[in-house]
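Here is a short briefing on a protein model. Look it over first, then read the points below.

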Amino acid sequence: SSGVERGAAGALTVAGVDVRDLAAEHGTPAYVLDEADFRRRARAYRTAFEAAFGAVGTGVDVYYAGKALLTVAVARWAREEGLRVDTASGGELAVALRAQVPGAEIGLHGNNKSDAEILRALDAGVGRIIVDSLVEIERVAQLAAGRGVVAPVMVRVTTGVHAGGHEYIATAHEDQKFGLSVNTSSGETSPAMTALLAVLERPELRLLGIHSHIGSQILDPDGFEAAASVVLRLRADLAERSGVLVDEVDLGGGYGIAYLPGDVALDPERVAKDIAQSVAGVCQELGTSLPRFSIEPGRAIVGPAGLTLYTVGTVKPVTVAGESGDFVRLYVSVDGGMSDNIRPALYGAAYHAEVVGRTSAAEPVLARVVGKHCESGDIVVHEVQLPGDVRAGDLLAVAATGAYGRSMASNYNMLPRPPVLAVTDGAARVLVRRETEDDLLGLDQG
Ligand code: LLP
């Protein structure tokens, strides 16, 4: 069995396991992953993109963006479903390598990679290093020369296409740290073109292609098509200037998911078809052959596969002065908060919460789920209807926390980070154990 289901007496099961049993055995807060759901999403993205790009005559590789959530088991699942792994630091690279993902199937990103990270990537024989600046091109070339290897690189470019959610996660606009702009307004040669030509000049570097990531939580496929078109034009311009038509184009991640009950996620089949047809049209117009493509979804694979379990503590009605009179908002405190999910505080992200494991005949009331941290912005769910008799000891489940929950977790207020549990066919296991106070104090040298 797999999936999240409501059963008798308000029971919530994940892959056949009652979350009350998970809470009793592992405590709360806890991140719970549905392995089969993760695998299904990984497969859905791979097969949808393979079919759509195959139909227009080219291939595609799907890289799982490990920044969304990377554990050894998760990296293994991705690989077993035919995905490669995209990493953004030496630490993520270390997890992928420990999961025995072959170096050739790993990519390394980062706008400020250290020499140690670059060397580790070269030594692991990573399939691609995505370079992000002229100085980095020089450094990778020198480090590769020192190792006597040729580094496979892609150049990350900024297409000027605006897409995605919050400003902090939109990456294609000009005034931010990522990528090299395709904009030629400052002269004949854009920073992106300058970088591509610089890579071609270095014998220690092999130019695989061009990379573009336009943002995250994108729900309109037009942005991907617009960015792809800009990248394909740059590819054709580069061919004209240098005689080299690069083989690969990566369109990044950013495929949006449903967070709230009425939300509609991007459909991988539709978006794959739209992008494939669009890039085929652009290449035809440009008179160039189609490159091989790759994409880097993170959230869309792991986000919906995870939920967070909390236990309710203090419940406090607060009278709020509203425009049309006073109203009561029920503040429902849980045993975690912004340390296990920073997204509401950082991006104003919306989530849905439910009391699970019991039924209630009480009228629903307007509630706000808050954490236990020492600041008022420590909000888990801004606004949700919960049963009016919600009380201490209740179990609360927050859906769609699989992506960027654990991976962005902190120890604020010295809270140990929750475990990551995986449920598969009616059995749960610990992927990452709960931190202890000893773990935290062990770092403190007095
Ligand atoms: N590829 C690159 C180069 C990226 O920078 C990212 C995300 C991805 C792939 C994966 O994007 P996804 O498919 O997961 O949207 N912490 C934010 C999201 C930041 C994403 C940064 N880069 C959040 O919690 O929404």
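V155 touches V131, L180, A192, A195, L196, V199, I210 and H211, leaving out residues up to four places away in sequence. Touching, or contact, means that the C-beta atoms of two residues, placed from the backbone, lie within 7 Å. This is a predicted model: local features need pLDDT of at least 70, side-chain atom pairs count only at pLDDT 80 or more, and totals for chains, interfaces and linings use all residues. Residues are numbered from 1 along each chain as its sequence is written.

**The nonpolar core**
- The largest nonpolar core has 130 residues, and V32, V140, V153 and V155 touch the most other members.
- A nonpolar core is a set of buried Ala, Val, Leu, Ile, Met, Phe, Trp, Tyr and Cys residues joined through C-beta atoms within 7 Å.
- Helix α8 (residues 222-242) gives the largest share of this core, 8 residues.
- Helices (H or I, at least four residues) and strands (E, at least two) are DSSP runs, numbered from the N terminus.
- Domain 1 (4-34 + 305-441) and domain 2 (56-299) both give residues to this core, so it lies between them.
- In soluble globular proteins, nonpolar side chains tend to be buried together.

**The two domains**
- Domain bounds come from an automatic or database domain assignment.
- The centres of domain 1 and domain 2, taken over C-alpha atoms, are 34 Å apart.
- Their contact takes 15 residues from domain 1 and 17 residues from domain 2.
- On the side of domain 1 that touches domain 2, the elements α11 (343-347), β20 (420-424) and β21 (427-432) give two or more residues.
- That side of domain 1 has 11 nonpolar, 3 polar and 1 charged residues.
- Ala, Val, Leu, Ile, Met, Phe, Trp, Tyr, Cys and Pro count as nonpolar, Asp, Glu, Lys and Arg as charged, and the others, Gly among them, as polar.

**A residue from the record**
- UniProt, in an unreviewed entry, places the feature "binding site" at positions including P297.
- Such annotations may be inferred rather than shown by experiment.
- P297 lies in the loop between β13 (292-295) and α10 (299-302).
- P297 counts as buried because it has 28 C-beta neighbours inside 10 Å.
- A residue is buried if 20 or more other C-beta atoms lie within 10 Å of its own, exposed if 12 or fewer, and partly exposed in between.
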